[in-house]
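This report covers the domains of a protein model, the contact between them, and selected links within the chain.

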Amino acid sequence: FNWHVVPDREKKRHKNAAEPVWSPTMAGGLFAIDKKFFERLGTYDSGFDIWGGENLELSFKTWMCGGTLEIVPCSHVGHIFRKRSPYKWRTGVNVLKKNSIRLAEVWMDDYAKYYYERIGNDLGDYGDITSRKELRRKLKCKSFKWYLENIYPELFIPGDAVASGEVRNLGYGNKTCLDSPARKTDLNKPAGLYPCHKMGGNQYWMLSKIGEIRRDESCLDYAGNDVILYPCHGSKGNQYWNYDHKTKQLRHGSSRKCLTINSTKDKLLMEECDLMLPRQMWQFENYNATLATEDSHMRH
C-alpha cells in the first residue's frame with residue numbers, strides 16, 4: 001500500500017473536491033464498512049497471523065466481489081499508535097510474508113508469480129486456503145486482471161517488462177549486483193551494489209518497454225553526477241537506458257555513456273562506452289527477447 005496522487009480519470013468523475021474518491025487499496029486501521037457486506041466477504045482471513053496484509057485482502061475482495069472502496073476527504077479519524085507492539089511474535093516466522101502469500105494465492109491469480117519473484121520464490125508454509133478459495137468461487141468474484149484493468153490501470157505490471165530479476169555486473173569476478181532499497185527515503189540517493197544473493201528483494205529490478213530500470217515507482221536516473229533512484233516520470237530523458245542484449249551494455253540515453261562499476265565494487269559509475277570492458281557488461285536474470293523486439297519496432 002502506498003499514497004499516490006489521484007489520477008485524472010478519477011478527477012473527471014467529480015465536480016467537487018469533497019466528493020468520495022475511489023481508491024484501489026486502503027490503509028487497514030481506519031475504515032468503515034457495512035457489517036452485512038463485511039460478513040458476506042468472509043470478514044478477515046482467520047489464517048492470517050497477528051498483523052499485515054489484511055488491508056490488501058479486504059481491498060482486493062471489496063472491488064472484485066461487488067463493492068467499492070472510497071476515501072472520504074472530509075472525514076476525520078483518530079488513530080492512536082501504541083508505544084510498543086502488544087502481540088507476541090513467534091521467532092523465525094515472517095508473519096507479513098506468510099499473510100501476503102495467502103492473499104496472493106487466493107486473490108491474485110497468475111499475477112501472484114510477480115510477488116513470488118520478489119521474495120525469491122520462497123513460499124514456505126502459508127496454511128490451508130481451501131475455504132478462502134471456495135468463498136471467492138461462491139461470491140462469483142471478478143478476476144485480478146479485471147481489477148488491474150478497471151480499478152488500477154496506472155499500475156506498472158512486471159509482465160510488461162522487457163527484463164526482470166537481478167541485474168548482475170560481469171566484471172571483477174561476475175558476482176556483483178545492482179542493489180538498493182526503493183522507499184521514499186531512498187530517493188535522490190545513489191543506487192548501490194552488493195554481492196548477488198538470488199533472493200529478490202533489493203536486487204529485483206525491471207527493465208520497462210520505455211527503457212526504465214525500475215522497482216515499483218522508483219527509477220534509475222543519471223543527470224551527470226551520481227546514478228540515483230528518482231520517482232519514475234515516464235518521460236525517458238535521464239531515466240532512459242538502452243540495453244543491448246548482445247553486448248550486455250546499458251547505454252544511457254541523454255549522456256550516451258555506459259553504466260559500469262568501480263574496482264572496489266561498491267559504486268556505480270558512468271563512462272564512455274567500450275565493448276572490451278567486462279565492467280560495462282550487465283546480465284538481466286530474465287530477459288524477454290520477444291518483448292524487446294516489439295519495443296524496438298515501436299521505437300523505430
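## Domains

How far apart do the C-alpha centres of domain 1 and domain 2 lie? The C-alpha centres of the two domains are 32 Å apart. The domain assignment places domain 1 at residues 8–151 and domain 2 at residues 158–298; such bounds come from an automatic or database domain assignment.

The model is predicted, so local features need pLDDT of at least 70 and side-chain atom pairs count only at pLDDT 80 or more, while totals for chains, interfaces and linings use all residues. Residues are numbered from 1 along each chain as its sequence is written, and side-chain values use heavy atoms, with hydrogens and water left out.

## The interface between the domains

The area buried between domain 1 and domain 2 is about 580 Å², and carbon and sulfur atoms give 50% of this area. Buried area is the accessible area (1.4 Å probe) that two parts lose on being put together, summed over both. On the side of domain 1, Tyr114, Glu117 and Arg118 supply 89% of the area buried against domain 2, more than any other three residues. Contact, meaning heavy atoms within 4.5 Å, involves five residues from domain 1 and 10 residues from domain 2.

There are zero salt bridges between domain 1 and domain 2, a salt bridge being a side-chain nitrogen of Lys or Arg within 4 Å of a carboxyl oxygen of Asp or Glu. One residue pair, both at pLDDT 80 or more, is in polar contact across the interface. A polar contact is a pair of N or O atoms within 3.5 Å; within protein, one must be able to donate a hydrogen and the other to accept it, and residues adjacent in sequence count only if both atoms are side-chain atoms.

## Pro158

Pro158 sits in the loop between α7 (144–150) and β3 (163–169). Helices (H or I, at least four residues) and strands (E, at least two) are DSSP runs, numbered from the N terminus. Residues up to four places away in sequence aside, Pro158 touches Tyr114, Tyr204 and Met206.

## Disulfides

The structure has four disulfides, each a pair of cysteine sulfur atoms within 2.5 Å. One of them joins Cys177 to Cys196, with an S to S distance of 2.1 Å. The link is right-handed, with 100° about the S-S bond. Cys177 is in strand β4 (residues 176–178) and Cys196 in the loop between β5 (193–195) and β6 (205–207), 19 residues apart.

## Salt bridges and Glu54

The structure holds 18 salt bridges. One of these pairs the side chains of Arg102 and Asp45 at 3.0 Å, N to O. Arg102 lies in helix α4 (residues 95–107) and Asp45 in the loop between α2 (35–40) and α3 (54–64), so the pair ties together parts that are 57 residues apart in sequence.

Glu54 belongs to helix α3. Beyond its neighbours within four places in sequence, Glu54 is in contact with Tyr44 and Phe48.
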